[in-house]
Amino acid sequence: MSDYTKILLDESEMPSQWYNIVPDLPVPPPPQLHPGTLQPATAEDFAALFPKALIEQEMSQERYIDIPGDVMDVYKLWRPSPLFRARRLEKLLDTPAKIFYKYEGVSPAGSHKPNTAVPQAWYNAQEGIRKLTTETGAGQWGSALAFACAQFGLECEIWQVAASYRAKPHRRTMMEVWGGKVHPSPSEITEFGRSLLAENPDHPGSLGIAISEAVSETVTGDNCRYALGSVLNHVLMHQTVIGEEALLQLAKVGETPDVLVGCTGGGSNFGGLAFPFLREKLAGNMNPVIRCVEPTACPTLTRGQFRYDFGDTAGLTPLMKMHTLGHSFIPEPIHAGGLRYHGMAPLVSHVYDQGLVEAIAIPQLECFSGAVQFARCEGILPAPEPTHAIAAAVREALACKESGESKTILTALCGHGHLDLASYDQFLRGEMRDHELSEEAIAEAMAGVPVLAD
Ligand SMILES: *Cc1c(COP(=O)(O)O)cnc(C)c1O
C-alpha cells in the first residue's frame with residue numbers, strides 16, 4: 001500500500017449507523033427555545049415543520065442510529081466515497097506533510113448534501129408527507145433535495161436566493177430536471193417576500209430570507225413539511241457517514257490525522273467529517289487538532305457571538321444558541337454561497353465554545369489560489385466552499401515545510417465546482433476581490449439579536 005493514491009471501501013464496509021455526538025459531549029449542548037415562551041422547545045413545537053422520526057433524531061440521546069435499508073440502497077449510488085492522498089499537491093508544496101481529502105463530489109448533486117437529503121425525504125415519505133419545501137443558496141442543497149424527493153415520489157418546492165437564481169441558471173435547471181419547482185427569493189408568493197420586494201424590486205435575497213419563505217409556505221400548506229440542509233443536529237448526524245468512512249479508510253493505510261480542517265457554512269460537512277474523529281479524541285484514541293475554516297466575509301465563529309438567535313430572517317424558527325452575526329446579517333456576495341449563512345450549527349458552536357475545536361477565517365483570493373494549485377495537481381475542480389478547506393490544508397502543509405514536521409492532514413473536499421466556473425473565470429481574469437467586513441456592519445446586525453435574561 002505504499003504507493004496508493006485513493007483508498008476505497010467495499011459496499012459491504014459501509015457504516016450502517018449514523019453517529020450522534022450529543023451523548024458523548026462532556027457538557028450537554030444548550031436546548032433550542034420556543035420563541036414565544038422561551039422555554040425549551042418540545043417535539044410538538046417542531047411538528048408543523050418536520051416528520052416525527054426526524055424530530056426524534058433532532059432531540060435524540062442515542063449514540064448510534066441505524067440507517068434504514070432504503071436509504072442505504074440510495075447511498076450506494078455513490079457511497080462509499082473515495083479518500084485520496086494528495087501526493088501531487090504535497091510534491092508541489094515540497095512539504096513533509098501528508099494530505100488526505102475525502103471526496104464528496106461523487107454524489108449525483110456533486111456535494112455532500114444528498115447524505116442528508118435522502119434520509120430526510122425517506123422519513124417524510126414514510127409518514128405520508130406529499131411535499132417538501134426548502135431554501136437554497138448556490139443551489140447545492142436544492143438540487144440534492146430535488147434528487148432525493150424524486151427517489152421517493154415527493155414534490156419539492158424550493159426558494160433560491162435571488163442573486164444565485166439569476167447568477168446560476170444551471171443549478172436551477174438541475175433542480176427542475178429532478179422535478180423540483182424553483183422560485184427566486186424574495187418571491188411574490190409569501191407575504192414576507194412581497195414586503196421585501198416592495199422595498200427593493202432587485203432584492204438580492206439571503207439564506208435567512210429564503211428559509212422564512214419556505215417555512216411560511218410549509219405551515220400554511222397541506223401535508224407539507226420543511227427540510228433544512230445544514231445547521232440542525234439531525235443533519236449533522238446524517239453527514240457522519242463521511243467521517244465514519246474516513247476513519248475506516250485511514251485505518252487501512254495505518255494513519256491517524258494530526259490536523260483535521262473543514263469548511264463551515266452551517267457546519268454540516270464539517271460536523272460530518274469531524275465528529276467521529278472528535279469521538280475518538282474524547283475517548284483518548286487519537287489527538288488531532290480540529291479546525292473550522294470560514295470566509296472572512298462571513299466570519300460567524302471568529303467574529304460572531306455565542307447567543308440565542310433565530311435561524312431565519314423573519315424570526316419564525318425556534319431560538320438556537322449558536323455563533324451568529326445576527327439573523328438580519330447579509331454578507332457580501334462572495335462566491336462560496338454555501339458559506340454565507342449568518343449562524344452556525346448549535347453543535348459546532350458548542351464544541352467550539354467548549355474549546356474542543358478551533359476556527360480560522362480565510363479571504364476568498366487565497367482560497368481560489370489554493371484551489372487552482374489543487375486542481376492543477378489533483379485534477380478535481382473544487383466547489384468555492386471547500387476552497388477554504390484546501391487553503392487551510394495548504395497553510396498547514398507549508399507550516400510543516402517550515403518546521404520539518406511530517407503531520408497527517410485530513411480534510412473534506414465536500415463538492416466539485418463544475419457549476420461554479422464563473423467564479424474561477426473571475427479569479428483567473430484577476431477580477432475577484434476580497435471584502436473587508438467592518439465592525440459596524442456586524443454591530444448593526446447584532447443589535448437585532450434577542451436579549452434573553454440568563
Ligand atoms: C452547502 C455546502 C456547504 C456549506 O454547508 P455546510 O453545512 O457548512 O457543509 C459547503 N460546501 C458545499 C459543497 C456545499 O454544497
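A salt bridge, as I use the term here, is a side-chain nitrogen of Lys or Arg within 4 Å of a carboxyl oxygen of Asp or Glu. Arg291 lies in strand β11 (residues 289–295) and Glu358 in strand β14 (residues 358–362), so the pair ties together parts that are 67 residues apart in sequence; helices (H or I, at least four residues) and strands (E, at least two) are DSSP runs, numbered from the N terminus.

A note on the source: this is a predicted model, in which local features need pLDDT of at least 70 and side-chain atom pairs count only at pLDDT 80 or more, while totals for chains, interfaces and linings use all residues. Residues are numbered from 1 along each chain as its sequence is written, and side-chain values use heavy atoms, with hydrogens and water left out.

Next I looked up accessibility, where buried means under 20% relative accessible area, exposed over 50%, and partly exposed in between (1.4 Å probe, protein chains only). Arg291 counts as buried at 14%, whereas Glu358, at 36%, is partly exposed.

I then searched the whole structure and found 19 salt bridges. One of them joins Glu245 to Lys102, with the closest N and O atoms 2.7 Å apart; Glu245 sits in helix α12 (residues 240–252) and Lys102 in strand β5 (residues 98–103), 143 residues apart. Glu245 is buried at 1% relative accessibility, and Lys102 is buried at 0%. I noted that Glu245 and Lys102 belong to a network of salt bridges that also links Arg79 and Glu104.
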